[in-house]
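Dear colleague,

Please find below the sequence and structure that I am handing over to you. My notes on what was found follow directly after.

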Amino acid sequence: MIATSTLWSHICSGAQNIVTALDDDAGAFLGSVCPPLGGRYSTGGGLTAFDGAEGAGKWTLEVDDTTAGDMGMLLNWSITMTTARQ
């Protein structure tokens, strides 16, 4: 099964140094605080595309900076999977 989901699109445009965790069980929605510096934010269900997905195997993160006139950069990222609701 191949699952894809757009988790972040045009949220907090122009924000820099964003550090956050995406968690669809979080109380606050991504974009409710700009920029989201720390904390956990819900994507509004974007992560549900991966419910039931096998953790083993190849995972791909795609990042696009489509804003003209600047240069975006992803410095690091990580993924944490859980097998049961915590």
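**The salt bridge**

D23 and R40 form a salt bridge, with 3.1 Å between the closest N and O atoms. The term stands for a side-chain nitrogen of Lys or Arg within 4 Å of a carboxyl oxygen of Asp or Glu. Because D23 lies in the loop between β1 (19-22) and β2 while R40 lies in strand β2, the pair ties together parts that are 17 residues apart in sequence. A search of the whole structure finds one salt bridge. D23 is partly exposed, at a relative accessible area of 21%, whereas R40 counts as exposed at 52%. For these classes, buried means under 20% relative accessible area, exposed means over 50%, and partly exposed lies in between (1.4 Å probe, protein chains only).

**Basis of the model**

The model is predicted: local features need pLDDT of at least 70 and side-chain atom pairs count only at pLDDT 80 or more, while totals for chains, interfaces and linings use all residues. Residues are numbered from 1 along each chain as its sequence is written, and side-chain values use heavy atoms, with hydrogens and water left out.

**The chain as a whole**

The secondary structure comes to zero helices and two strands; helices (H or I, at least four residues) and strands (E, at least two) are DSSP runs, numbered from the N terminus. Along the principal axes, the C-alpha atoms fill a box of roughly 40 × 30 × 20 Å. The chain has 86 residues, of which 9% count as buried. Its accessible surface comes to about 7100 Å², and 51% of that belongs to carbon and sulfur atoms; accessible areas come from the Shrake-Rupley method with a 1.4 Å probe, and for residues only the protein chains shown count as cover. Of the contacts with a separation of 6 or more, 23% are between residues 24 or more positions apart, where contact means heavy atoms within 4.5 Å.

**The loop between β1 and β2**

P35 is placed in this loop, and the peptide bond from C34 to P35 is cis, with omega near -10°. G31 lies in the loop between β1 and β2 as well, and is partly exposed at 29% relative accessible area. Leaving aside neighbours within four places in sequence, G31 is in contact with I11 and C12. From G31 to T43 the C-alpha distance is 9.0 Å, at a sequence separation of 12 residues.

**Surface patches**

Patches are made of residues with over 30% relative accessible area and no salt bridge; like charges are joined within 9 Å, and nonpolar side chains (Val, Leu, Ile, Met, Phe, Trp, Tyr) within 5 Å. Which residues form a nonpolar patch on the surface? They are W59, L61, V63, L74, W77, I79 and M81, with about 680 Å² of accessible area together. W59 sits in the segment after β2 and counts as partly exposed at 32% relative accessibility.

A patch of negative charge on the surface gathers E62, D64, D65 and D70. Lys and Arg count as positive and Asp and Glu as negative, with His and the chain ends not counted; the place of a charge is taken as NZ of Lys, CZ of Arg, CG of Asp or CD of Glu. D70 lies in the segment after β2 (37-41) and is partly exposed, at 45% relative accessibility.

With kind regards
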